[in-house]
Amino acid sequence: MRGRDPETGEFYSPSRTQQRIEALEIRNLAEKLVALPAAQLARLPIPDELMPHIVETQRITSHIAHKRQLQFLAKQMRREEDEVLEAIRDAMDEGGEAARRETALLHQAEQWRDRLLADGDDALAALLEEFPTADRQKLRQLVRNATDERAKNKPPRAFRDLFREVRELLSDASAAQDGDEDDAL
């Protein structure tokens, strides 16, 4: 919060203590980002210019070099706008809007998977009606394989594959819907 004092005309800025606290918060955020796997990083709203620094920091294993690279990453992050860092924090936050949406998406995918296994072709027809871009043959094959696995007490590979396919379908539809909302604004 930089500005000019209206009475004296002098410039003022945050105290050194406040600057240190903010720098430490950004460094902690950088540590959390470096600890995340690539799949989770891809889902976060990280600016393109920061991603190579994060990947480089993850690559370095030497303790001192890693620490130095982490400091450099934090320095690069301090150059970003506060809104960008806040968006990253919110996306990482368990109570954040992005986390809530992801959890809801997972629950919806579980419900569809269970419905597909219980109701068969009727549920598949309902899913295809709601998501016309879905691959009918692949979904039908996954449902059939998951049902066979369950009957033969085999490991749930197709069961998981069916979940992944449904989750990806829901995720793509959700992303398209978010894009439409952004266009409307």
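Let me start with a definition: buried means under 20% relative accessible area, exposed means over 50%, and partly exposed is in between, using a 1.4 Å probe and protein chains only. By that rule Asp-121, at 53% relative accessibility, counts as exposed.

A quick word on what you are looking at. This is a predicted model, where local features need pLDDT of at least 70, side-chain atom pairs count only at pLDDT 80 or more, and totals for chains, interfaces and linings use all residues. Residues are numbered from 1 along each chain as its sequence is written, and side-chain values use heavy atoms, with hydrogens and water left out.

So, back to Asp-121. What does Asp-121 form a salt bridge with? Its partner is Arg-140, with the closest N and O atoms 3.8 Å apart; a salt bridge here is a side-chain nitrogen of Lys or Arg within 4 Å of a carboxyl oxygen of Asp or Glu. Asp-121 lies in helix 7 and Arg-140 in helix 8, so this pair ties together parts that are 19 residues apart in sequence. Helices, by the way, are DSSP runs (H or I, at least four residues), numbered from the N terminus. Arg-140 counts as partly exposed, at 32% relative accessibility.

Now the two helices themselves. The axes of helix 7 (residues 121-130) and helix 8 (residues 136-152) come within 11 Å and cross at roughly 150°. The axes are lines fitted to C-alpha atoms over the stretch in contact, and angles run from 0 to 180 degrees between N-to-C directions. Helix 7 and helix 8 are therefore roughly antiparallel, a label for angles over 145 degrees. On the helix 7 side, the contact (heavy atoms within 4.5 Å) is made by Asp-121, Leu-124, Leu-127 and Leu-128, and on the helix 8 side by Arg-136, Leu-139 and Arg-140.

Helix 8 has another partner to show you. Glu-165, in helix 9 (residues 157-184), forms a salt bridge with Lys-138, the closest N and O atoms being 3.1 Å apart. Since Glu-165 lies in helix 9 and Lys-138 in helix 8, this pair ties together parts 27 residues apart in sequence. Is Glu-165 buried or exposed? At 18% relative accessibility, Glu-165 counts as buried, while Lys-138 is partly exposed at 40%. Leaving aside residues up to four places away in sequence, Glu-165 touches Leu-139 and Leu-142 as well as Lys-138.

To finish, the structure holds 8 salt bridges, and Arg-157, Asp-161 and Arg-164 are linked in a network of them. Thanks, everyone!

Definitions and conventions:
Parallel < 35°, antiparallel > 145°, perpendicular 65-115°, else oblique.
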